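Let's take a friendly walk through this structure together. Keep the sequence and the coordinates side by side as you read.

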Amino acid sequence: MIVTEGVEGLFMQPLTLNSKRSARFKKTIAITVMMLPGAIWLLVIRYLPMIGVVMAFQNHRPYVPNPGFWGNIINSPFVGLRNFQFIFFGDRAWNMIFNTIAYNAFFIVLTTVLGVALAILITEIGSKFFAKLYQTLMFFPFFISWVVASYFVFAFLEPTFGLLAHVREWYMDPTGWPVILTSAHLWKTLGYTCIVYVAAIAGIDQGMYEAAAIDGASKWKQVWHITIPTIKPMIIILNILAVGRIIMADFGLFWNVTMDSGPLQRATEVFDTYVYRVMISNVAGAMDFATAAGLFQSIIGFICIMGANAIVRKINPENSLF
Amino acid sequence: MAGRKKFRINKVSRASEALFHVIVGGFALICIIPFVFIIIIAFTGAESLRTIGYSFFPAEVTMVNFNAAFELGDQLWRSFYNSIFITFIGTFLSLLIAIMYAYGLYRTGYPLKKFFTILMFFTMLFGGGLVPFVIVIRNLLNLGDTIWAMIVPMLMAPFNVIILRTFYKTCIPESLLDAANIDGCGEFRTLFSIVVPLAKPGIATIGLLTAIGFWNDWWHALLFVRDRSLIPLQFLLMEMQRNMEFIRRNITMIGAENINFADLPTQGLRMALAVIIVVPIAFAYPFFQRYIISGMTIGAVKE
Amino acid sequence: MKKLVAILLSVMMLLALVAACTSAEESQAPPPAGDNGNQTSETAPTPAPAPTTPDEPPTEISIWFNGGNADNDDTIVVEAVNARLQELGLNITIRPVWTGGWGMGDPAQIALNTADASIDIFWTGSWGLNYFNNAQIGNFVRLDDPNNNLLERYGRDVMAEVDELLWNAFTTEGPSGRGLYGVPGPKDSAAWFKLEVNNDRLVELGFDFDEIFSITESNHEIIFDPIFEEIMQAAKDLYGDGFFPLNLEAGNFLNNFSCTDGDLTGINAFHFPFDPNNPAQPVRPEVTLQVENELYLRVLERTRDFWNLGFIDPRLAIGEDAGIDRGEILRAGEFIFSTGQYAYGHTATVQSERGLDIRFVPLSRVPIVSTMSAAGSGFAISVYSRNQEAAMQFINAWYTDNTLTVLLSEGVEGVHWNPDENGLIVLDTDARDSIPYQTWRFGMGNVFMLTPRNTDGAEYIEGFRAYNELGVGTAFLGFVFDSEPVAIQAAAMRNVVDEFRTPLTVGGMDLETAVPAYIAALRAAGADDVLAELNRQLDEFFAGR
């Protein structure tokens, strides 16, 4: 496109060049106007509150002589990195950091592979009725909150009436929980991931497949050479975003589905549950700790996303996030 | 005619398709069973829950839980209305913002593209924490105790915008837009008459996500709303849930005598509410799905 | 057409956002200024509680209530309260904020943490919106601040009305010095651990209550008595496997039998012992980790035996609401023994509500008064409140006026209730259904200002006072732990406690492996640091007495 513009420019008279420039200016203005609602929202709702990051480094207290947002921020003492200490305090902390990253790594790989596979299968199902039906059903877990879903898991595993109660004391024994939680996560998110990919596949020009079929390409080859390359940008973007959340965890999954049963902690404690526990503990400064933890998660996420994006850009700048 | 025939030829074998049905259908079944289960619990009597626990085959089937839910009366319907209002207005406005914002991020030759990408992307990772956020919404924008306090904070989801931008990228060749530009089509017209129809599957997908996000949100109601006439449906359920959890956590301190157990919602009532909450949004699903699937035929039309 | 609409809408939205922003900027300037003004206005207007000119608009006080019914239709109650306040010469109106009950305490905390000036008075307690934490942080106004003594100026009546013991329990360290940061709610300040016995089933099994239990002596050793096990075994044999004779509250059972004052650090890992026969022992008891206390371990072993015999519902090891409808079990009497705390008037309520013959066995000779039970409920004024003086005036009037108390606790006469021939309150259940108004009676200000209900009997208030007088303060009464110096260790310990405590205390864990593991984990989390700090603060506390 840039090339054509340049070529056009070469052969244009000065007058048309001017009008060209003004057209481009008009275009820029028009698009900027489109961006404004979102940009203003971002500035007010997301950027303005960032002043609060200061609290992560403070022993934040109401300033009694003149309490209020500004008064408190200006007059609370700075404590350096003290609020971050609890994130690394003892082997339990390292254990939960390990858990968080390990679960996320599993989730990322499985969601991508299974999501793409399911999407391809759905689009290959000839009957529109069934394709629609399956999709609808697959979306149901998305409507059910973890609190409610946890009762379903409980029905199978509970010690008194549970259908699988005879296998082991599920809620006392961490073995098996990585599998249960991974399954639960897939159950909840696959439908949605799958839909994103189905929509991406739906945008592919059918003519490409037909041309390939005429050339004698097998279905498998078509998937490999047409479908996957076309939806690759989507796969990459979703994964870059997921990598940015490597140290964040789905609180409901790890808190509700495990019924917050203590003995499971070694296998199920993750960053967000760890912080939540501290937050509700009535320990002095719990709010400061939580703010610090949030900032820590952001920084790690930022580093990871930048790394992932740099790698992608190196391979193919088209697919990178920016 | 010929194209149609080819299309039919280019299909997997019957045996493979049967296998696909088993795999996809099996997963779909796994997805729906818990919901069926919740419905069953919602119809199960307390006596049955106590004696045989959660079961697919309750000893006693009853409408008691739903009656109890409907006894919430005015509150239930008001919350229902609030949820619908928030979801409709919220989804509409946030789709509008996302469609336009994603367009700028997608359009090559737009000089501020990188700036706006980073402006948005940065907020996906960094937040300011709860306290200043609450102060911005309540004190600065003055939205406390209005229905907008539950809409404005969720108007834009950077994640969805990025997804939508990627949709534009994969589904719409930019040459098409340049051609439109040359034809004298302004950017607004290009966006709404060319891009939007072509990106319907993508828009429907994030529309669905947004709608569900609004429907399931209770957190902003908790933060900003004290007027009971404004609370959404999901908040009612969460309120019950939190009460139960709080009691569990603090039973040693409160002492059982302080709690009138009769006032606590039963498991059945909570399940009944969960069902009441899921049904409307589940019905909204086919509406979006129509567009997601309709994308499948676009390719054919193009040909 | 669609396009046009879309463009129009986006422009409108843009304008709205811009407008919101400019108004935001406008309002951005005032807050600090307003806060400044707040400080000066605190002392300037409302010079005296004395007669107010009727033309002046009344000051609106908003009060955050915990518990009760979130759907309260309080219009007529508020009208009546406002009228009464005018009668009392106070130019104040109130706006109650009812929350959804127990779990909705944290919105109150959020309101405080986010400097919300729209709430003047908060309900506070030893749980829920924690009084001591918020006072220590500085979220509540010190009421007896020498520089601005609200209590002295506007709270004379309430100072005289509320028991000194409660004022002492509410005294704590805060940013404005050691003092009172709230007004304690007079209620059942004494806690009495009890064993609840289902006598209907006991009779069915062929045992005689009076032969086994003494209701005048301490019964905390009862679980070691072979008869305790024998009864439950009999029940198990008669009612089958699905019947669990020992209905525990997860975590509470042990506390009750191991004679502890709870854990005043809030970490739930330390043992603050008292002597069940003489709770107010003068010597300072030694505080240890719970699982290092001998009696605690003995109770733990016994509980483990009961667990192994199948007397305890295994779901309890997961948590209190893990599929167990506790209320339903209590209502249906599906237990032999149950644990909990005794509150005044509880017996009668339980008997009438459940229609069962439930007996109560006290575990200590007398009820005990601890920091937790004494500071169980109260009201505090937010530091962000712009109407602190009016708030104090209101609390003063409310705590000392029967009309106001009855209005806020029970509703309006002739609507929500009617007086019987003795002047007692007879609730009109139908009216309360159509105009919902329900509160947590024990948490609403001063219980002793209430008019008793007909179901309570005329001697209710006297009985209540007598019960409270029975209570004996433990050695630790008045002690409050400040976790600030060891906050990180305390937070880490809480995580360990969450892993072990619930399953351990209901007997769900093998003691031989779990107890050493628990102790090691607590130590690794810094239990020794916390204990050292705790002992330092205790030394100070006992030296100061």
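In chain A, the helix α9(A) brings Ile236(A), Ile240(A), Val243(A) and Gly244(A) up against Gly301(A), Cys304(A), Ile305(A), Ala308(A), Asn309(A) and Val312(A) of α13(A). Contact here requires that the C-beta atoms of two residues, placed from the backbone, lie within 7 Å. Helices are DSSP runs of H or I with at least four residues, strands are runs of E with at least two, and both are numbered from the N terminus. Sorted by class, the contact of α9(A) with α13(A) holds 7 nonpolar, 3 polar and no charged residues. Nonpolar covers Ala, Val, Leu, Ile, Met, Phe, Trp, Tyr, Cys and Pro, charged covers Asp, Glu, Lys and Arg, and the others, Gly among them, count as polar.

Before going further, please note that this is a predicted model, in which local features need pLDDT of at least 70, side-chain atom pairs count only at pLDDT 80 or more, and totals for chains, interfaces and linings use all residues. Residues are numbered from 1 along each chain as its sequence is written, while chains are lettered from A and ligands numbered from 1 in the order in which they are written.

Two packed helices are described by the angle between their axes and the distance between the axes. For α9(A) and α13(A), the axes cross at roughly 150° and come within 7 Å, which makes α9(A) roughly antiparallel to α13(A). The axes are lines fitted to C-alpha atoms, for helices over the stretch in contact, and the angles run from 0 to 180 degrees between N-to-C directions. Angles under 35 degrees count as roughly parallel, over 145 as roughly antiparallel, 65 to 115 as roughly perpendicular and the rest as oblique. The crossing of α9(A) and α13(A) is right-handed; a crossing has this hand if the near helix is turned clockwise from the far one by less than a right angle, and is left-handed if anticlockwise.

Step back now to chain A as a whole. It divides into domain 1 (2-75) and domain 2 (86-319), with bounds that come from an automatic or database domain assignment. Taken over C-alpha atoms, the centres of domain 1 of chain A and domain 2 of chain A are 32 Å apart. Where they meet, 6 residues of domain 1 of chain A are in contact with 6 residues of domain 2 of chain A. The side of domain 1 of chain A that touches domain 2 of chain A has 3 nonpolar, 3 polar and no charged residues.

How many residues does each chain give to the contact of chain A with chain B? Chain A supplies 87 residues and chain B supplies 94 residues. Several elements of chain A give two or more residues to this side, including α4 (90-124), α9 (219-244) and α13 (286-315). The most comes from α2(A), with 15 residues. By class, the side of chain A that touches chain B has 60 nonpolar, 19 polar and 8 charged residues.

One place to look is α4(A) against helix α2 (residues 14-42) of chain B, where the axes come within 10 Å and cross at roughly 120°. The two helices, α4(A) and α2(B), are therefore oblique to each other, and their crossing is left-handed. Leu118(A), Leu121(A), Ile122(A) and Glu124(A) of α4(A) meet Phe20(B), Ile23(B), Val24(B) and Phe27(B) of α2(B). This contact has 7 nonpolar, no polar and 1 charged residues.

Within chain B, helix α6 (residues 113-125) and helix α8 (residues 158-171) pack at an angle of about 135°, with axes 9 Å apart. Again, α6(B) and α8(B) are therefore oblique, and their crossing is left-handed.

Chain C brings in strands. An open sheet of 5 strands in chain C runs in the order β2-β1-β3-β14-β6, with mixed pairing. At its edges stand β2 (92-98) and β6 (183-184) of chain C, each with a single partner strand, so one side of each is left without a neighbour in the sheet. Two strands pair if DSSP finds at least two bridges between them; strand β1 (residues 59-65) of chain C and β2(C) pair in the parallel sense over 7 bridges. There, Ile61(C) has Ile94(C) in β2(C) as its bridge partner.
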